[in-house]
Amino acid sequence: QTALTYCVVLPLLYLCALLLSVTSVGAAANKQAERNCSLTPPYLPSTAVNTSLQLQQLREKMQSLRISAYIIPGTDAHLSEYIASRDARLAFITGFTGSAGTAVVTQSKAVLWTDSRYWVQAERQMDCNWELEKDGSLCNLLQFPPLETYQNYASYLESSSLHLEPKAVNLVDVVWGDRPPLSSESIFRLPDRVISMIFFLILIVHLFVCSLPVSLWLFNLRGNDIPYNPFFYSYTLLTLNEIWLFVHTERVTKDVEEYLTAHCSDPLCVQLKPYDSVLRDLTTYIGQPGVKVWIGTEYTNYALYEIIPQEKLITSTYSPVLTSKAVKDQTEEQVLRDAHVRDAVAVIQLLMWLEKAVPQGNETELSAAEYVNKCRSKQKDNRGPSFETISASGANAALAHYSPSVETNRRLTVDEMYLVDSGGQYLDGTTDITRTVHWGTPTPMQKEAFTRVLMGNIEISRTVFPSGTREMLGRRALWEVGLNYGHGTGHGVGNYFGVHEWPVGFQTNNIPFRAGMFTSIEPGYYKENDFGIRIEDIAVTVPAQTKYGNNYLTFDTVSLVPYDRKLIDIALLSSEQLQWLNNYYMTIRQLVGPELVKQGLHEENDWMLKNTDPFPEFGSSASICSSSLTLIFLNWTFV
């Protein structure tokens, strides 16, 4: 993950405290698939991991260092959402493999904090050495922003006369005898056809002279250090006169060195430095007179932050690299659109195949996930999935972020709803799309819930809003009948980068929307132990033509797969929503149809045409119209 180290992404120090008490949790859910620690002997499902040995070894190390409690976060040194297997310290020590969580180990207790998405998963994966904390107490372990984590922990503990101390050596690594090695694959550059040829000088001029944002990547390099994400471990220090790239230099090929002009000292030449020297070299650089260091506080951690004197520190919420790459230039936007056309072909292949295969009774959640990955692998420039496919039927889909395993795999039937959330990594873009279908007869409640989720998706997609808007309300159709969903409405997406690309999205801590930003739009509804619904599309913000106002935006949906017709109650839709839906279906025909024909997928093209037949454009007068929807916006001034 190439980061700018005047906007340093700081290595994560695993924190320990001399004393730390934890609260107990309620009894684990009494289900066959989940543990039950109240029984004698305790019941553990086959998915539970025995953590006795690693806990014993960790506690011995803690005791020798007079550490009473040890805090283990779930991320890596660069605060990545997805992490390499060698950085899965939380999973090693707890058995829990969810993407969000924090553990605390004392000599007598071991406790995991995670959010509601993962409570069921944690109960299935942890043994009875661990307690699961659900109420979010104990200094709100999951809520602190990265840079503030250490400071908040320290402040909270100090109020109880407890002391927090950082340790440079990670004790989990010490007891992890078979820790996976660092990837040995070479770093590579993107082909010129998928990037804009903008030189480093432009970045320097824009950031430091003109103070204007510019959309580009520093190096246009990628790697394979983290599953599903083309990242490589690195830091960068960019000054007016130098560019330092801290990287595992043995993985830099001669071709990449030549591309970076790594053997000269010109301001546009990249100086390669060992990855592990970043602390030492940054300390030396900061020691020079007149130096100031700019960091983004949301992705800066404490280890490097603490070496920067306050009088030399300049901060912003996000680094200029994050905010600049959030706005795609013309080349990036076009190739990302192209990737979504090919990706739609793969998803259409999946949906048509399932429609024919599921009634025969032989397909499962796993076979469906494997099929869509196989379809994507045949598309031009595909480099694999962008995340582990969420393939869920019936009650499993109600878990929102469930992915099938051998132990939990369900057979697909015509009597249950099915949700598939998947994506691909292509050299020209990253994709993410969710469709929910039913091959039999949905209940009236399922049909209404699906339609209201679709209404939320459409209302956001068709909204016209001022540039600089940060938040929109897409839950109104669900709220009106007492339904809701417990996850965010959207996230940014990259150009062959992260499938969740911060800081774009609909949360209050995201940056305001500007033209050229790609975001997912993904409302949903989940009925516990019954079914789950999510509709997810990727859309790009584009200028909107309005009667009076200038600098207004709207969304242009680039995910191009039809929704399940039998789940749509058109009587609930307004005429404006129906018109949007028919226009969207016309776009699918115009863009995906030729690609299907080009690839010789004539049966899939017929399926697509049947499923994009226009709906009659009439709607219920009782349905939600655009004027009744609330648009909440906060305008920011850019400097």
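**Reading salt bridges, helix faces and cores**

Guide: The side chains of D173 and R179 meet in a salt bridge, at 3.3 Å from N to O. The model is a predicted one, and every value discussed here is computed from it.

Visitor: What lets such side chains pair, and which residues are linked with D173 and R179 in a network?

Guide: Side chains of opposite charge can pair when their charged atoms come close. In this structure, a network of salt bridges links D87, R89, D173 and R179. Within it, D173 forms a salt bridge with R89, whose closest N and O atoms are 2.7 Å apart. Because D173 belongs to helix α5 and R89 to helix α2, this pair ties together parts that are 84 residues apart in sequence.

Visitor: How many salt bridges does a search of the whole structure find, and which residue meets R35 in one?

Guide: The search finds 27 salt bridges. R35 meets E123, at 2.7 Å from N to O. R35 lies in the loop between β1 (15-17) and α1, and E123 lies in helix α3 (residues 119-125), so the pair ties together parts that are 88 residues apart in sequence. R35 is buried, with a relative accessible area of 3%; E123 is buried, with a relative accessible area of 3%.

Visitor: Where do the buried residues of helix α8 lie around its axis?

Guide: In α8 (residues 278-286), V278, D281, L282, Y285 and I286 are buried. Their arc is only 135 degrees, which puts them on the same side of α8. R280 and T284 are exposed on the other side.

Visitor: Which way do the residues of strand β21 point?

Guide: In a regular strand the side chains alternate between the two faces of the sheet. In β21 (residues 518-521), F518 and S520 point one way, T519 and I521 the other, and all are buried. β21 pairs with β24 (residues 537-543) in the antiparallel sense over 4 bridges, and D537 in β24 is the bridge partner of I521.

Visitor: Which residues touch the most other members of the largest nonpolar core?

Guide: They are L354, Y563, I568 and L581, in a core of 64 residues. Helix α11 (residues 330-357) gives the most to this core, with 12 residues. Apart from it lies another core, of 33 residues, including Y235 and L282.

How values were computed. Residues numbered from 1 in each chain as written. Predicted model: local features only at pLDDT ≥ 70, side-chain atom pairs only at ≥ 80, totals over all residues. Heavy atoms only, no water. Buried < 20%, exposed > 50% of the residue type's maximum accessible area, 1.4 Å probe, protein only. Helix = DSSP H or I, 4+ residues; strand = E, 2+ residues; numbered from the N terminus. Pairing = 2+ DSSP bridges. Arc of directions from axis to C-beta. Core = buried A, V, L, I, M, F, W, Y, C linked by side-chain atoms within 4.5 Å. Salt bridge = Lys/Arg side-chain N within 4 Å of Asp/Glu carboxyl O.
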